[in-house]
2 protein chains.
Amino acid sequence: MAPPAPIVADLTTVAVKYALLDNNSTASPTPAKASNGELALAELDSSKLKVTITNSPKPYYRPETSQWGRADATTDHWITVRWTDTVGWHAPELRPYTRMDLWPTASCLHYATECFEGLKAYRGYDGKIRLFRPSRNTARLLVSSTRISCPGFSPSAMEELIKALLSVDAEKWLPEPGTFIYIRPTMIGAGRALGVQKPREAFFYIIMALFPKLDNPMKLLASSEDSIRAWPGGFGYAKVGANYGPSLMAQKEAQIRGYDQILWLFGPDASVTEAGASNFFCIIRSKVTGKLELITAPLDDKIILDGVTRRSVLELARERLADELEVVERKYTMADLASAHDEGRLVEAFAAGTAFFVAPVTRIHFRGKDIVPTKTDGEETYTNTIKQWLAQIMYGKVEHEWAVVVEEKGFKSEAVSEAEIEEMVKKIKELKASRAWQAAFEKVKSEELGDA
Amino acid sequence: MAPPAPIVADLTTVAVKYALLDNNSTASPTPAKASNGELALAELDSSKLKVTITNSPKPYYRPETSQWGRADATTDHWITVRWTDTVGWHAPELRPYTRMDLWPTASCLHYATECFEGLKAYRGYDGKIRLFRPSRNTARLLVSSTRISCPGFSPSAMEELIKALLSVDAEKWLPEPGTFIYIRPTMIGAGRALGVQKPREAFFYIIMALFPKLDNPMKLLASSEDSIRAWPGGFGYAKVGANYGPSLMAQKEAQIRGYDQILWLFGPDASVTEAGASNFFCIIRSKVTGKLELITAPLDDKIILDGVTRRSVLELARERLADELEVVERKYTMADLASAHDEGRLVEAFAAGTAFFVAPVTRIHFRGKDIVPTKTDGEETYTNTIKQWLAQIMYGKVEHEWAVVVEEKGFKSEAVSEAEIEEMVKKIKELKASRAWQAAFEKVKSEELGDA
């Protein structure tokens, strides 16, 4: 028999190629032709951004009094862009943050045609706003979007949109040097057809939210054999919704048992993959060479997220700690960790990702046994050294090409008064009491959205 | 080392237990206590259904002129129920079908906290409406919902809600004997918090839509090694969104190459699992016994959907074809299919599920080779015999306990006139032109939804 025909293209190659194209190109990882085969679809074009400033600004919450948890603590504006398979990308809009409208049949609500990115903006000690390697996030979002049959786009146009939102909202929402804000670009399939098919419409948006500092030391519960996060040939490498919902049950179990996150294992030999939604690292003294090794799982079987923090940790360690640490991306197992622990060779462990930054791991529970690194805290650890190096870049204490400064404009709101709002509330309630409200309101929406 | 602690409970056991409880019980697979630990959360209670009939009925489309594809062809009403972790299940509502509101941070848009069911209602030749084994669907939805940390519910209450929607909309939307309509119960995590956690709010809804007849013969393309639908310890057995979005890329590839669906394989030995989103069956003459065997993959490794049609096919074949066919649920591989084909022992193959009903498979392409059953069409096949038996039950040609008759009330709409609607459209547009519209409108919504 002949070898199997490749079904899934090499997505990373597709994404990287696309990232090299300029915004005006019509080439795209999704077909760039309209259904009549004649017209090229419009590219995502950040220069077409339409800006509408809120006239009803939200109160600002300080991060330490964050509304996080029950509700979201999103900023005043968001960026939205609609994509249809007849037009391509419509003009992006920066507009007041609101609820969104979706048909109950929208693809993303049934088939998980959804993916996202998570990145942070940092207010430097010099007062400047910086993004950390944002082109890594936009390129990865393209990989994720392609994996779930959502549209392609120019990553550089997306980066411009992220900057546009920051340029308006960061002044108010990220005022204090040494703090950060969380940015969530999100792509969802929004087509109305219930059939299981590539969505004919999509909706891309960027929101920003206050986000707690989560880099405290963490305890991990190793996953059991009946709970597997990702599989070769699946989608563990992509930031698609499908990797998260099914993981919540194990996570809840971990929390009930007093752990912070799951350490996800894979295969009969219990090889170590990720910690919660972060990458996992350990520092072990090699039995063979006697040297310290910084070890993390490799990307080649595509079950692990290609984390921006992961990549940065590896690059900094290779560049600055070469004399002390050997940096290795290789498969390793719980048995390796356990014997290193038993023999006093497991020196440090940490989780690394955007949400939890660099968080020391103080304990791993695996099959009735606790595995504890010899150094779990303190300034003298490699974990802390690497974390500080990253923070210095993020907050502009040192100049580094990974930090991208964003120019700010802020916004001035011509705010409507409470009295005006109250009067309008009364008028809306009056209209809503009428029999014709619902049909008329849906008609107005349909006209606006062009999807009658 | 001790054996691994079980993290994921036996969901089927949970679901079945729950299904046996009556609606007033406070037992639940999700914690039935409010956050203060004192009050039990409200159960899903179909007797509290609040009915609001549309005053702007949609035009009826005949199935053969279906708007399917570009848009949806949903009926006039839907049923919605909100769940919060402080109240539990709110009162269900049957109301006019509209767009829905979600916060951009809603859990289902980021983390695929979403699951659904698909079932059909049939207009019998005796004029009665029937559901086919609906309790199987509601029990499975509970399994799915639990798997993605969405709330539990009484399956029988859910069945009552499905019947309530049918009792109102079936008269208009399913008038013709011998036709069916598609029903889609859907559960989504709707909490506003961006953190990766069990959703604190959820939204359950039921919609009905015209749906094309899809039981034509189909050609399958076997999946390649780099594309895996489900894995042990994952969620292939649950009808969660996460199983679908990531499968679209392979499906599109299949369609481009002239096939209808993917035949999903698993493992290095290419064992056969599912056909698209349907279960897959083949009829092979055993090399050993010389007898015909009806074979489908087993459920025990939980990578295959426990299909209602699958189960019904197996049960009917065991009951009525025992003299002719041995019915076997066992692991089998593409090599088994290929050698059966080469030796003239592959007699029939078909896909079975709600969407595609029982569809004969005429060809399977695997690693450069076509595998073709000897009987691919015609009335004389077992495929057709089983299909007709099922249809007779669904359309009431024979009495059978699997068919559940639904009483109808229909609805009378006190329709608003076009003129009234147009006048209201004008008024809404006037208000919308005002500066205070957006803030006021959001305020009214927040009051209504109680989530200011």
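I call a residue buried under 20% relative accessible area, exposed over 50%, and partly exposed in between (1.4 Å probe, protein chains only).

**Ground rules.** I am working on a predicted model, where local features need pLDDT of at least 70 and side-chain atom pairs count only at pLDDT 80 or more, while totals for chains, interfaces and linings use all residues. Residues are numbered from 1 along each chain as its sequence is written, chains are lettered from A and ligands numbered from 1 in the order in which they are written, and side-chain values use heavy atoms, with hydrogens and water left out.

**Entry: A:L248.** I found A:L248 in helix α5 of chain A; helices (H or I, at least four residues) and strands (E, at least two) are DSSP runs, numbered from the N terminus. A:L248 counts as buried because its relative accessible area is 2%. I then listed its contacts (heavy atoms within 4.5 Å). Leaving out residues up to four places away in sequence, A:L248 touches B:T113, B:I148, B:S149, B:V196, B:Q197, B:K198 and B:P199.

**Entry: the interface.** I looked up how chain A meets chain B. In chain A, 120 residues are in contact with 119 residues of chain B. The size of an interface is often given as the accessible area lost when the parts come together. Buried area here is the accessible area (1.4 Å probe) that two parts lose on being put together, summed over both. For chain A and chain B I noted about 10900 Å², with carbon and sulfur atoms giving 62%.

I also noted 41 residue pairs in polar contact between the two chains, both residues at pLDDT 80 or more. A polar contact is a pair of N or O atoms within 3.5 Å; within protein, one must be able to donate a hydrogen and the other to accept it, and residues adjacent in sequence count only if both atoms are side-chain atoms. Helix α10 (residues 437-449) of chain A gives the largest share of the side of chain A that touches chain B, 13 residues.

**Entry: salt bridges between chains.** A salt bridge is a side-chain nitrogen of Lys or Arg within 4 Å of a carboxyl oxygen of Asp or Glu. The rule finds twelve across the interface of chain A and chain B. One of them joins A:R99 and B:E442 at 2.9 Å, N to O. B:K429 also forms a salt bridge with A:E447, with the closest N and O atoms 2.8 Å apart. This pair runs from helix α9 (residues 418-432) of chain B to helix α10 of chain A. B:K429 is partly exposed at 39%, and A:E447 is partly exposed at 47%.

Entry: UniProt, in an unreviewed entry, places "modified residue: N6-(pyridoxal phosphate)lysine" at A:K239. UniProt positions are given in the numbering used here, feature names are shortened, and annotations may be inferred rather than shown by experiment. I located A:K239 in the loop between β11 (218-222) and α5 (248-256) of chain A. Is A:K239 buried or exposed? At 9% relative accessibility, A:K239 is buried. Its contacts, not counting residues up to four places away in sequence, include A:E117, A:R140 and A:Y244.

**Entry: A:R140 and A:E117.** Their side chains meet in a salt bridge of 2.7 Å, N to O. A:R140 lies in helix α3 (residues 134-147) and A:E117 in the loop between β6 (114-116) and β7 (119-123), so the pair ties together parts of chain A that are 23 residues apart in sequence. A:R140 is buried at 8%, and A:E117 is buried at 1%.
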